Amino acid sequence: MLRDITLGQFFPGTSLLHRLDPRAKLVSVVLFVASLFISKSFWGYGLCILFLAWCIRISGISPKMILKSLKPLVIILCFTGILNMFYTPGEVLARFWIFKITREGIYTAAYMILRIVLLIAATSMLTYTTSPIALTDAIERLLNPLKKIHVPVHEFAMMMTIALRFIPTLIEETDKIMSAQKARGADFETGGIIDKAKALVPILVPLFVSAFRRADELATAMECRLYHGGEGRTRLNTLVMTGRDYAALGFMGVFCLLVIYAERLVSILL
Amino acid sequence: MEARAILSAEGLTFRYPTEEGHEEHAALDAVNIAVEKGEFVAVLGHNGSGKSTFAKHLNAILLPTGGAVYIDNMDTRDENLLLAIRETCGMVFQNPDNQIVATVVEEDVAFAPENMGIAPAEIRERVDRCLEIVGMSDFKRHAPHLLSGGQKQRIAIAGVLAMEPSILVMDEPTAMLDPSGRREVMHTIGQLNREKGITVVLITHHMDEAAQAGRVIVMSDGKVAMEGTPEAVFARVDEIRDLALLPPQTVDLLHRLNKAGYDLPLDTLSVEACADVLETFLRQ
Ligand SMILES: Nc1ncnc2c1ncn2[C@@H]1O[C@H](COP(=O)(O)OP(=O)(O)OP(=O)(O)O)[C@@H](O)[C@H]1O
Ligand SMILES: [Mg+2]
């Protein structure tokens, strides 16, 4: 059952979005999110929705996957919506008992929900079209200047890579330990929360012991393969920004300005 | 200075550090082993006889408490030579899962050359060449955790080969593999030794694997107990038994016959050779 978890969900493909440099994609998403938060206009959000829909289309990723990424957020979305609806002061449209719904409240609620949905959809598009390793590389390269002020950027990226590498191994191991405990009569399904938590102890203890042993062996193996930190290290696949990537960044810059000044533009044009 | 073998342990002694008051016996006790360039040496020995401890001295994971180890004339105690020693003497361990660093096969093989600071174009060349040697070229872009044990171990070997070491030390590389995985890995090791001239030190519990080597060293309680060609070593059946090891089945069979009063040669390691001996014997 644990095998079904797909972490860092990545759907390999050959679309334009897949082929863009991960750094360009990462920066684009940051720009997109920033403009989402700056913009307050209906037209701006309209543009964002259109753009995202176009991205999803050309990426070849099923819109269902995007909906799926939103699923865990439904409760938060409802909560945000309701809070904003009732607690924004303004022109009262309806009231019952101590609650009142205001026009401004409805607008803010709609904006908030739309904003979160767009935010999640955009970041999912990034992880769906970029392999975790490429993403880690991109983060390492983008944060490179921080090395000057002694931020351990390389170590952080290496940790991410190794974590990604060992997630499937540890999941498999958890599965094995669970089967072993079940075979000895352990019960993980029935009982209250406390019982269930208690049943996890005999899984977690051997899992941790084995993880530490693995870490130890891996460290030795890495040293045997001449690992000595990020200094002087080269890469097999160096990230290269092509004209296409710069074009995409330029496009995103223009797009952000459009989103932010959408209202003003529309009023000038109409 | 007289010429040293490419791998040379001279009076090598090692005690694991223990809590105070404990008088620890030596895990390695004045071991003298020399391996010449291009040799294929198998190291046997019962559990706890010091095989892994010995292996860890060969690329300075452990440093001798007495005596010295020289790899291609480099003293492992010299810290400045650490990277050069590890580059010369590659090490493969038992569990392939705990040696693979990256999430894509080719990136894992590239790990060592990346650490050496080699230019990307040459890394690419080395990765392709090493995957070719271990016969895993078709799996370049695969995720290692989806491969079989034997395939994973071959990736681990390729990852070490990418340093272009002249010595390959392997600590029970087949212990976690099924029979077909073991065959794959042993085939690869033999090929590396014969065709690429790589010096191989193979630590193993399997007599049939040791039989493929040019020389066998049997360790016991941190000392070298026996040494010689596989044929010569395995023929000393009683001594092998005393060292808590099982001789190969072929030798064991002939040995039993000899005990029953016959006089058969014991230097037959393959099943075919054993069958030949029996055939000529029965025809007489
Ligand atoms: N980390 C350690 N700390 C203390 N003692 C150790 C350590 N590792 C091994 N030993 C001891 O050193 C001796 C030799 O162990 P070593 O692991 O070299 O044996 P081995 O021949 O590799 O055995 P096996 O066939 O089980 O792998 C043993 O007595 C063992 O208990
Ligand atoms: Mg061992």
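# Salt bridges, an interface and a ligand

Student: How many salt bridges does the structure hold over all chains?
Tutor: There are 29 salt bridges over all chains in the structure, and please keep in mind from the start that this is a predicted model.

Student: And how many of the salt bridges go across the interface of chain A and chain B?
Tutor: Across that interface, between chain A and chain B, the rule finds five salt bridges. One of them is the pair B:E107 and A:R235, whose closest N and O atoms are 3.9 Å apart.

Student: What about B:R86, which residue does its side chain meet in a salt bridge?
Tutor: The side chain of B:R86 meets that of A:E223, with 3.8 Å from N to O. Since B:R86 lies in helix α2 of chain B, residues 82–88, and A:E223 lies in helix α9 of chain A, the pair joins two chains.

Student: How many residue pairs are in polar contact between chain A and chain B?
Tutor: The count is 15 residue pairs in polar contact, taking pairs in which both residues have pLDDT 80 or more.

Student: Changing topic, which residues surround ligand 1?
Tutor: The residues around ligand 1 come from chain B, and among them are B:A27, B:H46, B:S49, B:T53, B:E172 and B:H205. By class, the shell has two nonpolar, eight polar and two charged residues.

Student: Where do polar side-chain atoms of B:N47 and B:K51 lie relative to ligand 1?
Tutor: For B:N47, a polar side-chain atom lies 2.8 Å from an oxygen atom of ligand 1, and for B:K51 a polar side-chain atom lies 2.7 Å from an oxygen atom of the ligand. In B:Y16, an N or O atom of the side chain is 3.4 Å from a nitrogen atom of ligand 1.

Student: How much of the accessible area of ligand 1 does the protein cover?
Tutor: On its own ligand 1 has 630 Å² of accessible area, and the protein covers 61% of it.

Note on methods
Residues are numbered from 1 along each chain as its sequence is written. Chains are lettered from A and ligands numbered from 1 in the order in which they are written. This is a predicted model: local features need pLDDT of at least 70, side-chain atom pairs count only at pLDDT 80 or more; totals for chains, interfaces and linings use all residues. Side-chain values use heavy atoms; hydrogens and water are left out. A residue is near a molecule or strand if one of its heavy atoms lies within 4 Å of it. A polar contact is a pair of N or O atoms within 3.5 Å; within protein, one must be able to donate a hydrogen and the other to accept it, and residues adjacent in sequence count only if both atoms are side-chain atoms. Accessible areas come from the Shrake-Rupley method with a 1.4 Å probe; for residues, only the protein chains shown count as cover. Ala, Val, Leu, Ile, Met, Phe, Trp, Tyr, Cys and Pro count as nonpolar, Asp, Glu, Lys and Arg as charged, and the others, Gly among them, as polar. A salt bridge is a side-chain nitrogen of Lys or Arg within 4 Å of a carboxyl oxygen of Asp or Glu. Helices (H or I, at least four residues) and strands (E, at least two) are DSSP runs, numbered from the N terminus.
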